[in-house]
Amino acid sequence: MRIAIIGGGIAGLATAYELELARRAGTSVDYELFEAAPRLGGVISSSLVDGTVIERGPDSFLTEKPVAAQLCRELGLESQLVPSNDAERKTFILVRNRLVALPDGLMFLVPTKLAPTALTPLFSWLTKIRMGFELLHPPRPHTGDESVAALVKRHYGQQAVDRLADPLLSGIYGGDAAQLSAQAVLPRLVEMEAKHGSLTRGMLAGVRARKAAEAARATENDEAAPAPKPLFTTLRFGLQQMVDALIARLRPECLHVDAPVLALERDREGSNAGWLVDAAGVVERFDAVVIATPAWAAAQILMPVDRELSQELNQIPYSSSVTINLVFDGADLDPLPQGFGFLVPAVEKRAMLACTFLHRKFPGRTAPGKSILRAFLGGAHNGALLAESDEALAELARKELFEILSISAVPELIEVQRWPRAMAQYSVGHGERQKRIKNRVGTLPGLHLVGNAYDGIGISDCIRLGRQAARQLISATPQAAPATVQSHR
């Protein structure tokens, strides 16, 4: 079986890696990967500049989703895995130009501790009283999808949406809580509401059940309960290490950069249907195709093949963002608040969505005496910022950092990176749209769609979907000599 992989981000590379493992194990499978850009890795891009790691895209992956860490171990990078410094994990919310720490006991959007919630200046007394009465909410059957904002407002009020849900989800998705699907983004909370009514009671029940299960396992194995896992994990010299290690495991002759796919069509000639792929003007026949591009790019490629599928893919919204790395002499940032960084609610009317104190989040990845801040701009409300010059964006970031943190020092290094239409938005109705997409793909034998537009936006999700698609193709491949390949080169 000959497989085309369209897109060389982490999902496409994970697909190729799984196919390469199968090929080395004797499966009759071959692949070609086509990437329109001049480099592989997609939004994962990092480098070492004067001893400091610069992350232009994501800086880590969630530890609770083990797929990315598992891949790193397979690639021989286990010794390079770095946990987040959770001892200093504190996140601030900007409220009327003042940084307010998220209260202790807040589990994503759900308050679980009475005293910290009652004492925090993040919420008004009216909101705090409403949070207390939320414990009385009766179970509510799930009657259909709704926005995250609608779910949170029903339980905790509009202020919780403005100061909690919106900035937290903007920091993750670059999106708008009023548009994001509760069912797709927060399925656990939807389930808790149906079972417990109160999200707080549901979260506490989940915590008790998890602790009981861990204690039971520890008792059964006669060992101490496991230490809490860090929230995030990264690599010592940047996530680019994972990309480089993946590329090193693949055959160079099968990886094509600056090779945009110009056309895709089904080939029904002969006994076995296949696919004709036109990449940079060269047409080749493949038995299967894995499209690992953003959904909007997949929509363009698939328009001549299946108009209905193309339209569904094109309706998946995306947000754009700007990442600005600013490296300072550490002494110039004193006193910087103790924590990982801050989030900026949309109601604050600022260009900045968030800022991470990366030297705090992952110590040991900066040169001695240096500190690095990562500012995020753009998102669902400010996509037009991508049209500004690097100089204008850097000046805007410095202006807002001065207003929020009183930082007047000149950075030793500023690096601006734009990511246009890079983050899929799981809008209301996302689950139903995915069902329709899956049904249409099912009518096109040999076609697979992977990436952050479908079933999870994180690095682990993309790796999981890529490897899963490869395994499905491998399972349908006989352990025999390769079939004759018809080429149109």
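**Close-up views of salt bridges and nonpolar cores**

**View 1.** E403 is partly exposed, with a relative accessible area of 29%. In this predicted model, the partner of E403 in a salt bridge is K399, and their closest N and O atoms are 2.9 Å apart. K399 is also partly exposed, at 43% relative accessibility. Both residues belong to helix α14 (residues 390-405); because they are 4 residues apart, about one helical turn separates them.

**View 2.** A salt bridge joins the side chains of R360 and E88 (3.7 Å, N to O). The two residues lie 272 residues apart, in distant parts of the chain: R360 in helix α13 (residues 358-361) and E88 in the loop between β6 (81-83) and β7 (91-95). R360 is buried at 13% relative accessible area, whereas E88 is partly exposed at 29%.

**View 3.** E308 and R440 form a salt bridge through their side chains (3.9 Å, N to O). This pair connects helix α12 (residues 307-314), which holds E308, with helix α15 (residues 430-441), which holds R440, across 132 residues. E308 is partly exposed, with a relative accessible area of 42%; R440 is partly exposed at 24%.

**View 4.** A network of salt bridges links E20, R23, R24, D30 and R251. The structure holds 35 salt bridges.

**View 5.** The largest nonpolar core comprises 66 residues, and L313 is among those with the most contacts inside it. Helix α6 (residues 158-173) supplies the largest share of this core, 7 residues. Beyond its neighbours within four places in sequence, L313 contacts residues including W296, L302, I437 and Y454. A separate second core of 44 residues includes A16, I44, F61 and L81.

Notes
Residues are numbered from 1 along each chain as its sequence is written. This is a predicted model: local features need pLDDT of at least 70, side-chain atom pairs count only at pLDDT 80 or more; totals for chains, interfaces and linings use all residues. Side-chain values use heavy atoms; hydrogens and water are left out. A nonpolar core is a set of buried Ala, Val, Leu, Ile, Met, Phe, Trp, Tyr and Cys residues joined through side-chain atoms within 4.5 Å. Buried means under 20% relative accessible area, exposed over 50%, partly exposed in between (1.4 Å probe, protein chains only). Contact means heavy atoms within 4.5 Å. A salt bridge is a side-chain nitrogen of Lys or Arg within 4 Å of a carboxyl oxygen of Asp or Glu.
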